[in-house]
Amino acid sequence: MSDTRYREIEVSGTPFEMGRQIGEAAREEVQGFVEIALDRVNKTMPVSRQNALSVARGSLSYVASYAPHMLDELRGMAESSDTPLEDLMLLQVRNQLRPDGDAGCTSFSITSPAGQRAVVGQNWDNDPGLDPFTIVLTRRPAGKPALMNITQAGLIAYIGLSSAGIGLCLNTLPAPSRPLGVPHYFTVRAIYETDSLSDAVQAVRRATRAIPANIILATPQGPADLEVTVDHVHVLQGDGTGLVTHANHCEHPDLLPINDDFPELIQSGPRKMRIEKLFGEMKRPLALENLKAALCDHEHHPTSICRHPNDHPTTGYWATTFSVIIEPGEGLMHVSRGNPCERPYETYTLNGGS
């Protein structure tokens, strides 16, 4: 396998069966991710294993009420990967344990003027040490849309697309949180089980959420951004041009005061301004190569859209660990394994299935 391409795994069946297949196929990655997850959290904020497992155990009842079938999948994964269920839950709650959340990212969602082609994409700026545990995972659940994710092994869902035409990217959104609730990744998985923007929003709203997050979508109804707080889900749909962009700060008018209370995450404002300027200068319809070029942009290097290590005392080791461009209508996901200025995009295909 090329070192520019992530390992691909495909599973199908009931939730428990899919979990068993994932655990068998990705046992080394799951166990490796469990082994280092808490250490990586502790690079930015000290958290004891006892406290981390307390949050993991306390989250189980929320998941059981929200999505018991997803908990069944984790049980199957725990059994076949020889990993305690509470350790798998720790993977799901680790972004509840630190103030910087899960990642700092620059994202966009866009449709062609005729609405015929939807694309969503982002640079995932995070810890490069997670690369060995990252896979491209396709699930074909019985009776639900198929989904393909670029993800760390062991997570219930992450960035990707579904056969129902939903494409999804994720950004950390610094805002108030609470100790326990439905972990973020379970609401993401629930979105993949929908086939419309309104149902996707409701999938998030019905959860008792523990942390804020930003979810940017390509949907059959057009591009949208969900600024998710523990109490509300605000939907941003742009200015009518078919383009929505986001970084790591609140943009809905009701949430702007939050920005005064939380420090800006890895130069969020300049990255947002830059991605908007780049898209404003592009000719329509947008070519895939132009989207790639925007995600390779180095203005304000090394804290640019294409992020490189720098001297920041807590997040300086973060870099663009992968870059992704998703075409949900075509079932395609283009991913660079590492900085897109240095590594080629490889294409992964979700072939039919629902």
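Which residues do ring pairs link into a cluster? Tyr6, Trp124, Tyr158, Tyr185 and Phe322. The model is predicted: local features need pLDDT of at least 70, side-chain atom pairs count only at pLDDT 80 or more, and totals for chains, interfaces and linings use all residues. Residues are numbered from 1 along each chain as its sequence is written, and side-chain values use heavy atoms, leaving out hydrogens and water.

**View 1. Phe33 and Phe133 form a stacked aromatic pair.** Rings of Phe, Tyr and Trp (its six-membered ring) pair if their centres lie within 6.5 Å; planes under 30 degrees apart count as stacked, over 60 as edge-to-face and the rest as tilted. By this rule the count comes to six aromatic pairs. For Phe33 and Phe133, the values are 6.3 Å centre to centre and 15 degrees between the planes. Phe33 lies in helix H2 (residues 27-41) and Phe133 in the loop between strands S3 (118-126) and S4 (134-141), so the pair ties together parts 100 residues apart in sequence. Helices (H or I, at least four residues) and strands (E, at least two) are DSSP runs, numbered from the N terminus. Both Phe33 and Phe133 are buried (under 20% relative accessible area, 1.4 Å probe, protein chains only).

**View 2. Trp124 and Tyr158 pair edge-to-face.** Their ring centres are 6.0 Å apart, with the planes at 85 degrees. Trp124 sits in strand S3 and Tyr158 in the loop between strands S5 (147-152) and S6 (159-162), so this pair ties together parts 34 residues apart in sequence. Both Trp124 and Tyr158 are buried.

**View 3. Arg5 lies over the face of Tyr348.** The distance from the ring centre is 4.1 Å. A charge sits over a ring if NZ of Lys or CZ of Arg is within 6 Å of the ring centre and within 35 degrees of the ring normal.

How values were computed: Buried < 20%, exposed > 50% of the residue type's maximum accessible area, 1.4 Å probe, protein only.
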